[in-house]
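This report describes the fold, the nonpolar cores and the aromatic contacts of one protein. The sequence and the structure are shown below.

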Amino acid sequence: MSAPALPRDLATLLPDLRSRDGLGPAEGPRVVLVVDGMTGSGKSTLAASLTTELARRGWRTGVLAVEDLVPGWDGLAQGVDLAAQARREVVLPAASALVLEGCGALAAAAQDLPGLTVIRVLLQAPAHLRHARVAARDPYSWDVAAWEAQERQVARVWQADRLRWGPAVVLTGPTGSAARRE
């Protein structure tokens, strides 16, 4: 199964290495794409689409998933801190992109990232749709409300300085319509 197409407003933000006059991949930029949203909003699906599209455009890509660093159901803030530390330790080679995705990714990227182009994306979907996706995705029962409370808590990190750390693109609803911050 192939990854779904990217919304046009997001796709236009992605540099295309093949179109850069005289600039080969060895001299290309370094990009961090930050994909955040509440559980069930489609972050992993979007991350897969981004890596597919970037590879098609000649980029080397990697994914850092915040949830992989969360030490348990009540440890989202600690996982976000670990993702922020990991992001600082990752040295991106030229013409490469890191997709930092997961609940709290915007908080993990709420730091100066010198020498990097950072594209921040927030996915939003109605609670009933997100909860249906979680129920279909996870074969086990868990306290979604408690997790969402942690998501709201870590979001305060970037919401405190929305202009600096907030999303450049907000994708909303089940169709993924986009709004760009100028």
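Helices (H or I, at least four residues) and strands (E, at least two) are taken here as DSSP runs, numbered from the N terminus. The model is a predicted one. On that basis the protein has seven helices and six strands. Read from the N terminus, the elements follow the order α-β-α-β-α-β-α-β-α-α-α-β-β.

The protein comprises 182 residues, and 46% of them are buried. Its accessible surface is about 9300 Å², with 54% of that area belonging to carbon and sulfur atoms. Among contacts between residues at least 6 apart in sequence, 77% join residues at least 24 apart.

In soluble globular proteins, nonpolar side chains tend to be buried together. The largest nonpolar core of this model holds 30 residues, and the members that touch the most others are Val-34, Val-66, Leu-76, Val-80, Leu-100 and Trp-158. Strand 1 (30-37), helix 3, strand 3 (96-101), helix 4 (105-108) and helix 6 are the elements that each give two or more residues to this core. Helix 6 gives the most, namely five residues. Another core, of 19 residues, lies apart from the largest one and includes Val-31, Trp-59, Val-99 and Leu-123.

Leaving aside neighbours within four places in sequence, its contacts include Leu-76, Val-80 and Leu-100. Val-66 is also in contact with Gly-79, Ala-83 and the residues Glu-101, Gly-102, Cys-103, Gly-104 and Ala-105.

**Aromatic contacts**

The structure holds four aromatic pairs. A pair of aromatic rings is described by the distance of the centres and the angle of the planes. Two pairs that involve Trp-73 are set out below.

| Pair | Centre to centre | Angle between planes | Arrangement |
|---|---|---|---|
| Trp-73 and Trp-142 | 4.8 Å | 20 degrees | stacked |
| Trp-73 and Trp-147 | 6.0 Å | 80 degrees | edge-to-face |

Both pairs link distant parts of the chain. Trp-73 lies in the loop between strand 2 (60-65) and helix 3 (76-89), while Trp-142 lies in the loop between helix 5 (127-137) and helix 6 (144-159), 69 residues apart from Trp-73. Trp-147 belongs to helix 6 and is 74 residues apart from Trp-73.

Trp-142 has a relative accessible area of 15% and is therefore buried, since buried means under 20%. Trp-147 likewise counts as buried because its relative accessibility is 6%. Together with Tyr-140, the residues Trp-73, Trp-142 and Trp-147 form one aromatic cluster.

How values were computed. Residues are numbered from 1 along each chain as its sequence is written. This is a predicted model: local features need pLDDT of at least 70, side-chain atom pairs count only at pLDDT 80 or more; totals for chains, interfaces and linings use all residues. Side-chain values use heavy atoms; hydrogens and water are left out. Rings of Phe, Tyr and Trp (its six-membered ring) pair if their centres lie within 6.5 Å; planes under 30 degrees apart count as stacked, over 60 as edge-to-face and the rest as tilted. Buried means under 20% relative accessible area, exposed over 50%, partly exposed in between (1.4 Å probe, protein chains only). A nonpolar core is a set of buried Ala, Val, Leu, Ile, Met, Phe, Trp, Tyr and Cys residues joined through side-chain atoms within 4.5 Å. Contact means heavy atoms within 4.5 Å. Accessible areas come from the Shrake-Rupley method with a 1.4 Å probe; for residues, only the protein chains shown count as cover.
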